[in-house]
Amino acid sequence: MSNAIQYDSLLVRDLAAELHQVLAGTRLDDVFLERDRLRVTLRCRAPRRAASAPPSLLWQLHPRSGHLTQTGADAAVGGRVQLGSPCSIRRVTAPPDERIVRFELDAPAGAAGEARWIIIELITNQWNALAVGTDGRIVAVLRERQTKDRTLRAGVQYEPPPPTQRTGATAPIPADEWLAALAVFAPGERLKPLLRFAAYTSPRNAAAVLGDADVVAGGTALLRALDRHTHLVWDAPRTPVIARLEGRWQPYPVSTGVQEEPSASLLAAFERAAVLDAAAPAAENAVETALAIIAERIDTVQKRRERLRDEHAGAAEEAARLRHHADVLLTQLSSVPRGADSVALEDWDGGSVIVELDPARSATENATRLYDTARRRDRAAARIPALVDAAGRELERLDGLAAGVRDGSVPPADVRRGRVARTAGGRAQPTALPYREYRTTGGVEVRVGRGSRANDDLTFRHSSPSDVWLHARDVAGAHVILRWPHPEANPPAADIAEAAVLAALYSRARTSGLVAVDWTRRKYVRKPRKAAPGLVVPERVRTVFVEPDTRLEERLRVEPA
């Protein structure tokens, strides 16, 4: 399994800068290098009269983790590093274009064996942590290593990893050097040369740097790539994000154009990644369960469709047989003994035909019964093609539902918690709800429609007349229902505002700075005759103006149970 966090030199550089901003001048009480757990704990204490307490850090260095979080109730066990007293963090730095974070400690000269640097190495799968003294010797090490170039164990002089020596580690790359290094390679072959040449590039950002230079020949495209590299490394505002990459959540200091969500800081992004990755196994199980439910339903519908097709193939033949028996019976009424349950009659084409009878009926009444049964077979046969088509549409819907569960657009909980219909055999079958569920800060349920047809279903079948209906003004978007059982009193303004934010986010105005959202009671919303799906006419409308806020949507979301 790959590392949960993929560190590159740009992430490490900006992370060190943020840690310096947060921790510089902070008293450091303890450092633990926990070998069994492969993690580092730094226990910090705020200076006197500080506005807020700094974080005490827990850095997990197991190859399947890599998360950096604030320490909680899980106490450190063993591996305490000897520090001078008093001790504080002077600065946090990262060497240019390296994946190394150095905590420089500030303490009076003390005994030999006291740490003056805490060094975190984040190179490929060789993550490690070391405490190094003033003399440059290793005081303690998380993972002892012996390689051709380095020896990492207590008492040995610390040797840092060999530097990358790539161009542009301390200043933007000149255009002539950039072109000389990359122009000799054809488009489509420039990714590896870029990674070898340009500082702070990595598989995480190289595609965003190259852009069209990876498909377009000529120096102009390469110069645009240089502008992107300079912007990414030196000029771009530091706007931390968290992205889903290769099945794991990855913090990053700047946006690179992949699907991301913003974060208040890199530390906050690391915290969020740890929470999401911890929940991933449960989420994966939920997806598997939902897909299994859908697969069972698909199997049931497929069998029903095949049964209908077989029934349709024999229905016309059966109706003709019954009608022929009735015709033969009427022409030979005198040959039918009273009270018989069957009779052999001469067939018009030669031979004989066995006609099943009801002993309690006369021959004429039996003929009438056969004609009636033949007509019912004909009517059933006429209805079967529509039922087969309906089964086909249901299979298409279920395939779409499964695809939505796989790509994340349909929460697995919708399948588990969906409305349950009963088949003729009595087995439960799930149907996804036409809305997403949220709950305001005040505890009021909010329902957001999933599409035009789902909007109609939500508004007219999954709401009450006293509920509040909301929709972004003059743009396509979801119907939103704020559940409210009190017809004489409006919901609190804060709840209406939060529901309006959801209406703005689920509309084409989601990228606007300010969105007008109309609201009214659901009883004042009507559907014109022959109107398109989702098209309604609200009356007695009021309007609020809100800013789309994805973080609020995340807080209000009702998580799967």
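Residues are numbered from 1 along each chain as its sequence is written, and side-chain values use heavy atoms, with hydrogens and water left out. Because the model is predicted, local features need pLDDT of at least 70 and side-chain atom pairs count only at pLDDT 80 or more, while totals for chains, interfaces and linings use all residues.

Helices (H or I, at least four residues) and strands (E, at least two) are DSSP runs, numbered from the N terminus. The expected span of a helix is 1.5 Å times one less than its number of residues. Burial is judged by relative accessible area: buried means under 20%, exposed over 50%, and partly exposed in between (1.4 Å probe, protein chains only). Just after α1, G25 takes a positive phi of about 85°.

A charge sits over a ring if NZ of Lys or CZ of Arg is within 6 Å of the ring centre and within 35 degrees of the ring normal. R13 lies over the face of Y200, at 4.9 Å from the ring centre, and its charged end also sits over the ring of W234, 5.5 Å from the centre.

A pair of aromatic rings is described by the distance of the centres and the angle of the planes. Here rings of Phe, Tyr and Trp (its six-membered ring) pair if their centres lie within 6.5 Å; planes under 30 degrees apart count as stacked, over 60 as edge-to-face and the rest as tilted. The count by this rule is six aromatic pairs. In one of them, Y7 and W59 are tilted, at 6.4 Å centre to centre and 45° between the planes. Y7 lies in the segment before α1 and W59 in strand β3 (residues 57-60), so this pair ties together parts that are 52 residues apart in sequence. Both Y7 and W59 are buried, and together with W127 and F270 they form one aromatic cluster.

The rings of Y200 and W234 have centres 6.2 Å apart and planes at 85°, so they are edge-to-face. Y200 is in the loop between α3 and α4, and W234 is in helix α5 (residues 219-235), 34 residues apart. At 3% relative accessibility Y200 counts as buried, whereas W234, at 30%, is partly exposed.

Two strands pair if DSSP finds at least two bridges between them. Strand β7 (residues 115-121) has six of its seven residues buried. Five bridges join β7 to strand β6 (residues 100-106) in an antiparallel arrangement, with E121 of β7 as the bridge partner of I100. β7 also pairs with strand β8 (residues 128-133), again antiparallel, over six bridges; there I119 stands opposite L130.

Further along, strand β15 (residues 342-346) has a covered face, V343 and L345, and an uncovered one, S342, A344 and E346. Five antiparallel bridges join β15 to strand β16 (residues 352-356), and V343 has V355 as its bridge partner. Five residues lie between the strands of this hairpin, in which G350 takes a positive phi near 95°.

Helix α10 (residues 493-505) reaches 18 Å from its first C-alpha to its last, close to the 18 Å expected. Of its 13 residues, 10 are buried, including D495 and E498.
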